[in-house]
Amino acid sequence: SKVTVEATFVESETPDNPFTDVNEDAYYFDSVLWAMENGVTSGTNATTFAPSAACTRAQTVTFLWRAMGSPEPAMTGNPFSDVAADAYYYKAVLWAVEQGITSGTTATTFSPDATVTRAQTVTFLWRAAESPKPPAENPFADVAADAYYANAVLWAAEENITSGTSATTFSPGSNCTRAQIVTFLWRAMAE
């Protein structure tokens, strides 16, 4: 008998995962695909994302800047001797300084290649969210009330951006990985 077959293509709601190191059951799976789809970051090459790799300060402010729509900074002067005008992160750094998200590591250095910590990352996010008042209760034994990042950590925990590395620890001095950063951004901006 004669059979007619018609094919209909439907656009997938979930983008394809090109990364061999990002499994579907990983906590960061959705956030990596969101970051890729929204131009926040791509992989470290065409087939790897390197989720466990530590991020630098330059990468972190660039991810945040892109997630915020890559706004053009109004600053025309560059206060940092270690941020070249042709660096991929140049506009992101100027924007982050202009917005009060970071002020650099000194008055004249940004330290773009320094590894960013979990405390620095949530502080950048908190400041980008205009420093909302956090809850009074602190569940983390390793977050002192007078630490520069205390309010940011408490806010991030309250907003379910992070739950810490355990129920009672945040690990503020630990390196922040690529997976953690895109997950923090996704939870703060996309969900």
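Ala, Val, Leu, Ile, Met, Phe, Trp, Tyr, Cys and Pro count as nonpolar; Asp, Glu, Lys and Arg count as charged; the others, Gly among them, count as polar. I will need these classes for the cavity entry below.

**Ground rules.** I am reading a predicted model, where local features need pLDDT of at least 70, side-chain atom pairs count only at pLDDT 80 or more, and totals for chains, interfaces and linings use all residues. Residues are numbered from 1 along each chain as its sequence is written, and side-chain values use heavy atoms, with hydrogens and water left out.

**The chain.** I began with the secondary structure. Helices (H or I, at least four residues) and strands (E, at least two) are DSSP runs, numbered from the N terminus. The chain has 6 helices and 0 strands. Read from the N terminus, its elements go α-α-α-α-α-α. I then looked up the extent. Along the principal axes, the C-alpha atoms fill a box of roughly 80 × 45 × 25 Å.

Next came burial. I use "buried" for under 20% relative accessible area, "exposed" for over 50%, and "partly exposed" for what lies in between (1.4 Å probe, protein chains only). Of the 191 residues in the chain, 43% are buried. For contacts I take heavy atoms within 4.5 Å. Among contacts between residues at least 6 apart in sequence, 70% join residues at least 24 apart.

**Helix α6.** I checked the length of α6, residues 178–189. The expected span of a helix is 1.5 Å times one less than its number of residues. For the 12 residues of α6 that gives 16 Å, and the end C-alpha atoms are 16 Å apart, which agrees. I also asked how many of its 12 residues are buried. The count is 9, so α6 is mostly covered. They are R178, A179, Q180, I181, V182, T183, F184, L185 and W186. What do the buried residues of α6 pack against? I found α1 (29–37), α2 (57–67) and α4 (118–128).

**Helix α2.** In α2, 8 of the 11 residues are buried, so the rest of the structure largely encloses this helix. Among them are T60, V61, F63 and L64. The buried residues of α2 pack against α3, α4 and α6. Just after α2 I noted G69, with a positive phi of about 100°.

**Helix α5.** Here 7 of the 9 residues are buried, so α5 too is largely enclosed by the rest of the structure. I listed A150, A152, V153, L154, W155, A156 and A157 as buried. They pack against α4. N160 follows α5, and its phi is positive, near 60°.

**The core.** A nonpolar core is a set of buried Ala, Val, Leu, Ile, Met, Phe, Trp, Tyr and Cys residues joined through side-chain atoms within 4.5 Å. The largest one has 55 residues, and L64 and L185 touch the most other members. Two or more residues come from each of α1, α2, α3 (90–98), α4, α5 (150–158) and α6. Leaving out residues up to four places away in sequence, L64 touches W95, I101, F124, L125, A128, L185 and M189.

**The cavity.** Rolling a probe the size of a water molecule over the atoms shows where empty space is left. On a 1 Å grid over the protein atoms alone, a cavity is a set of points where a 1.4 Å probe fits but cannot get out; lining residues have an atom within 4 Å of a point. Grid points are joined across faces, edges and corners, and the volume is the space filled by probe spheres set on the points. I found 1 cavity of 30 Å³ or more. The largest cavity holds about 40 Å³ of space. Which residues line the largest cavity? They are T60, F63, L64, T121, F124, L125, I181 and L185. At least two of the lining residues come from each of α2, α4 and α6. By class, the lining has 6 nonpolar, 2 polar and no charged residues.

**Loops.** S111 sits in the loop between α3 and α4. Its phi is near 60°, positive in a residue other than glycine. S111 counts as partly exposed because its relative accessibility is 22%. S131 belongs to the loop between α4 and α5. Its phi, near 50°, is likewise positive in a residue other than glycine. S131 is partly exposed, at 36% relative accessible area.

My last stop was D86, in the loop between α2 and α3. Is D86 buried or exposed? At 72% relative accessibility, D86 counts as exposed. D86 and A156 lie 70 residues apart in sequence and 33 Å apart in space, C-alpha to C-alpha.

Methods:
On a 1 Å grid over the protein atoms alone, a cavity is a set of points where a 1.4 Å probe fits but cannot get out, and a pocket is an open set with protein on both sides within 12 Å along at least five of seven lines; lining residues have an atom within 4 Å of a point.
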